[in-house]
Number of protein chains: 2
Amino acid sequence: MDPLHSPLLTDLYQLTMLHTYYRQRMEATAVFEFFVRKLPEHRNFMMAAGLEQALDFLEQARFGPEELEWIARSGLFTPEFPKHLEQWRFSGDVHAMPEGTIFFPDEPILRVTASMPQAQLIESRLMNLVHFESLVATKAARSVLVARGKKLVDFGLRRAHGAEAGLLAARAAYLAGYDSTATVLAGSRFGIPVVGTMAHSFVQAHDDEAQAFIDFARAFPRGTIFLVDTYDTEAGVRKVVKLAPQLEREGITVRGIRLDSGDLGQLARAARGLLDEAGLRKAVVFASGNLDEYRMRELLEAGAPIDGFGVGTSLVTSADAPFLDAVYKLQEYAGRPRRKRSTAKATWPGRKQVFRVSDRAGIFERDIVTVEGDEQAGEPLLMPVMREGRRLGSPEPLDHIRERARGGLERLPRRLADLETASEPYCVDISPALRRLAEEVDRATAGPLESVS
Amino acid sequence: MDPLHSPLLTDLYQLTMLHTYYRQRMEATAVFEFFVRKLPEHRNFMMAAGLEQALDFLEQARFGPEELEWIARSGLFTPEFPKHLEQWRFSGDVHAMPEGTIFFPDEPILRVTASMPQAQLIESRLMNLVHFESLVATKAARSVLVARGKKLVDFGLRRAHGAEAGLLAARAAYLAGYDSTATVLAGSRFGIPVVGTMAHSFVQAHDDEAQAFIDFARAFPRGTIFLVDTYDTEAGVRKVVKLAPQLEREGITVRGIRLDSGDLGQLARAARGLLDEAGLRKAVVFASGNLDEYRMRELLEAGAPIDGFGVGTSLVTSADAPFLDAVYKLQEYAGRPRRKRSTAKATWPGRKQVFRVSDRAGIFERDIVTVEGDEQAGEPLLMPVMREGRRLGSPEPLDHIRERARGGLERLPRRLADLETASEPYCVDISPALRRLAEEVDRATAGPLESVS
């Protein structure tokens with residue numbers, strides 16, 4: 001049983017609801033939408049990601065013998081239920097914003113249209129994938145805005161929340177504009193460039209730091225980045241500088257040095273000075289160690305001569321905002337728009353489309369959320385991506401997605417490109433048609449409970 | 001290729017270092033220890049977890065044809081390197097604190113003794129597993145301390161960071177004292193009790209809330225918990241109360257109601273009142289919706305009649321502290337203790353043991369970190385768990401681990417059982433023998449750089 005595609009990767013209530021839907025023959029078409037209710041702290045926009053993995057899951061999820069056996073053994077269900085599940089396939093439609101699209105609260109980024117038992121069961125895993133990748137793409141985009149062309153590398157696997165988090169974080173960071181990852185499996189699975197230097201343990205295992213540098217350089221003659229802070233950073237840089245001529249004679253390029261502790265700004269300046277003095281102008285200064293977008297901005301604004309950053313934990317856990325207020329809500333069932341009206345959690349009903357209006361320079365100006373079929377100015381953002389359980393077209397190459405993300409970040413109003421919360425948030429209008437629909441739904445049920453926005 | 005056991009679930013530098021170790025025949029015994037450098041904010045202790053998955057990984061990791069092909073194609077290595085990797089197995093020893101053990105900064109909770117190429121390669125995935133499960137067990141233990149016997153359920157899959165995070169968080173929460181999880185696959189894999197109620201979408205899909213309740217109850221006659229807040233919470237409870245006699249005649253038990261929004265304290269009181277009035281004294285009030293240990297404490301201290309809590313996002317992302325400052329450091333190589341001396345990141349060298357001293361009532365008093373072989377008062381915490389690549393004994397049943405965790409929480413000094421940072425942290429002494437060893441290592445290398453503690 002592949003745990004990443006198992007339909008048991010779900011909440012029990014999905015199965016108990018399914019059981020009830022089958023019993024009651026409630027198999028009419030349901031429409032669910034995935035959206036984020038509000039921006040997390042310190043965020044002015046979000047970036048959509050994870051669609052590729054979500055579609056893959058929808059195509060592959062099946063109840064196999066092991067799953068069916070667990071269901072039968074659980075004693076929770078009637079004996080007919082496993083028979084229904086054996087036939088269960090996702091054969092519905094999906095509309096979505098392409099990955100790498102900038103989005104805002106209340107905007108559906110994914111819509112599922114399928115029979116109720118199909119659309120319901122997939123909720124947990126679909127959210128699990130799209131929520132996490134969008135979370136990390138959103139976080140990564142912030143360093144991309146700050147780094148302005150400096151190299152960014154994902155170093156996060158060890159403190160990512162499990163293996164899949166490590167892999168998907170590498171993917172989400174790359175599509176948002178990171179240059180590479182240290183995670184080998186992410187390279188082999190997604191074709192992301194993989195890079196790496198050396199660890200302190202390597203230097204420590206040698207009795208002599210310079211010998212460690214020589215050993216490593218000879219193993220990788222095309223260019224090595226030397227980790228110089230195991231004992232004394234400046235002394236480490238001096239050793240590299242001293243070794244450089246010998247290495248050069250052996251045909252080995254000193255690609256640069258990595259700093260991983262201490263006052264990175266001051267040490268970068270010292271290292272740059274020593275490297276330049278020795279004529280190693282092309283050698284890069286690479287920095288890592290508890291970095292996030294705030295610290296990178298600080299270093300770059302202070303003029304620290306750093307050419308690239310390795311970012312780990314803060315990126316892959318989105319440490320300052322480790323989740324989005326993301327939900328997957330029923331908006332229509334059996335042809336009738338639906339609306340949840342729980343206190344502070346009310347939703348806009350019906351199938352929706354989002355239009356994005358840009359100014360003449362191409363900068364995003366405002367979005368309009370409306371009911372599907374209501375034409376508005378601007379560019380529609382939700383596209384059909386799956387029909388009757390099959391993808392429309394082949395998976396989008398990661399570099400296309402990356403290009404879209406880059407374009408989106410360039411077209412972001414300047415006030416939203418800041419790390420701090422913009423005093424004026426991006427304008428997301430709810431169309432008159434959508435407001436009317438919400439009122440109609442309220443009238444048809446129990447009267448208006450509260451206003452959503 | 002099973003991504004959860006792939007040896008490519010590593011950082012590229014592990015492979016480049018490996019390549020160099022093979023070239024240089026640096027295959028002597030290395031000793032690495034996993035520990036946390038400091039407590040995250042709002043934490044007074046941590047709880048060890050993830051050992052089971054770590055040992056499983058060590059037993060199963062192999063380079064298969066796909067991995068070797070990627071290595072060969074990468075062009076980074078010499079043609080001999082894949083041949084070395086084909087033979088790669090983990091055949092080392094592991095010492096560890098058993099899962100569910102309370103631990104503190106600077107205390108190794110896991111030690112790997114193996115040839116350098118073995119001990120180095122596994123770093124990324126070992127950390128990825130032990131870091132995350134310990135993070136969540138630590139977070140979960142806080143709700144367990146607060147809940148004082150109220151039922152706690154993990155609801156976190158949808159916003160966990162990927163599938164493995166959802167599964168391992170369910171496991172870590174359960175071993176720390178949670179009662180159950182909503183994640184079905186965690187139930188089927190780990191034998192954790194799985195529970196679930198119903199979602200708002202289920203109620204919304206029905207034209208009538210009461211009909212939704214009847215449909216569900218008939219499908220689960222042994223007892224249903226009704227979600228009452230889709231439209232108007234008190235009205236929802238009244239519907240349950242009104243239906244109860246009819247359901248009872250059909251042999252169906254009203255097990256309780258779930259609140260998922262609004263002022264949970266006030267609504268719980270109102271619901272409890274209505275249920276009691278109707279004679280439904282055994283029906284429980286279950287609460288969920290953006291809960292964490294702080295909110296639960298607040299509700300319980302205010303006397304809210306809540307019998308159980310569903311905790312999701314805050315638990316599985318450890319939202320207020322989404323990572324630990326966990327590291328895996330080389331402490332000895334080729335029989336010589338080693339020490340990293342980077343600024344603010346210096347480590348204690350050598351193979352270590354941790355002793356825990358308790359007072360007469362069994363309450364933990366202080367720990368002593370010392371070199372292996374140095375006998376100290378108290379109970380030694382690190383045990384041999386793997387020898388020459390094979391586990392010593394079968395996997396520990398999760399309920400044993402849970403019992404250990406419960407015992408540890410009971411023996412915690414009262415000041416540490418608080419949600420706020422204790423004014424006086426737990427005492428972790430570094431033994432004279434370990435201090436002497438650090439000095440010797442410094443003298444043997446470049447003289448003392450800085451003091452560690």
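In chain A of this predicted model, residues 24 or more positions apart account for 73% of the contacts with a separation of 6 or more, two residues being in contact if their C-beta atoms, placed from the backbone, lie within 7 Å. Because the model is predicted, local features need a pLDDT of at least 70 and side-chain atom pairs count only at pLDDT 80 or more, whereas totals for chains, interfaces and linings use all residues. Residues are numbered from 1 along each chain as its sequence is written, and chains are lettered from A, with ligands numbered from 1, in the order in which they are written.

Chain A contains 16 helices and 19 strands, where helices (H or I, at least four residues) and strands (E, at least two) are DSSP runs numbered from the N terminus. The C-alpha trace of chain A spans about 80 × 55 × 35 Å along its principal axes. Of the 453 residues of chain A, 58% count as buried; a residue is buried if 20 or more other C-beta atoms lie within 10 Å of its own, exposed if 12 or fewer, and partly exposed in between, with C-beta atoms placed from the backbone.

In soluble globular proteins, nonpolar side chains tend to be buried together. Here the largest nonpolar core has 308 residues, and those with the most contacts inside it are Ala176(A), Ile257(A), Ala176(B) and Ile257(B); such a core is a set of buried Ala, Val, Leu, Ile, Met, Phe, Trp, Tyr and Cys residues joined through C-beta atoms within 7 Å. When neighbours within four places in sequence are left aside, the contacts of Ile257(A) are Ile225(A), Phe226(A), Val228(A), Val237(A), Val240(A), Ala271(A), Ala283(A), Val285(A) and Phe286(A).

The contact between the chains takes 83 residues from chain A and 82 residues from chain B. On the side of chain B that touches chain A, two or more residues each are given by helix 1 (12-24), helix 5 (116-121), helix 6 (123-147), helix 7 (163-176), helix 8 (184-190), helix 9 (200-205), helix 10 and strand 12 (326-333) of chain B. Helix 1 of chain B supplies the largest share of this side, nine residues. By class, the side of chain B that touches chain A comprises 42 nonpolar, 27 polar and 13 charged residues, with Ala, Val, Leu, Ile, Met, Phe, Trp, Tyr, Cys and Pro counted as nonpolar, Asp, Glu, Lys and Arg as charged, and the others, Gly among them, as polar.

Two packed helices are described by the angle between their axes and the distance between the axes. Helix 1 (residues 12-24) of chain A packs against helix 10 (residues 209-219) of chain B at an angle of about 100°, with the axes 9 Å apart, and helix 1 of chain A is therefore roughly perpendicular to helix 10 of chain B. Axes are lines fitted to C-alpha atoms, for helices over the stretch in contact, and angles run from 0 to 180 degrees between N-to-C directions; angles under 35 degrees count as roughly parallel, over 145 as roughly antiparallel, 65 to 115 as roughly perpendicular and the rest as oblique. In this pair, His19(A), Thr20(A), Arg23(A) and Gln24(A) of helix 1 of chain A meet Asp215(B), Phe216(B) and Ala219(B) of helix 10 of chain B, and the residues of the contact divide into two nonpolar, three polar and two charged.

Within chain B, helix 2 (residues 51-60) and helix 6 pack at an angle of about 165°, with their axes 8 Å apart, so that helix 2 of chain B is roughly antiparallel to helix 6 of chain B. Leu51(B), Gln53(B), Ala54(B) and Phe57(B) of helix 2 of chain B make this contact with Arg125(B), Leu126(B), Leu129(B), Val130(B) and Glu133(B) of helix 6 of chain B, and the contact residues comprise six nonpolar, one polar and two charged.

Individual positions were also examined. Gly166(B) lies in helix 7 of chain B and counts as buried, with 32 C-beta neighbours inside 10 Å; not counting residues up to four places away in sequence, Gly166(B) touches Asn128(A), Gly156(B), Leu157(B), Ala160(B), Thr183(B) and Val316(B). Asp106(A), in the loop between strand 4 (102-103) and strand 5 (110-115) of chain A, has a positive phi of about 70° although it is not a glycine, and is buried, with 21 other C-beta atoms within 10 Å. His42(B), which lies in the loop between strand 1 (29-36) and strand 2 (46-47) of chain B, likewise is a residue other than glycine with a positive phi, near 65°, but counts as partly exposed, with 15 C-beta neighbours inside 10 Å.
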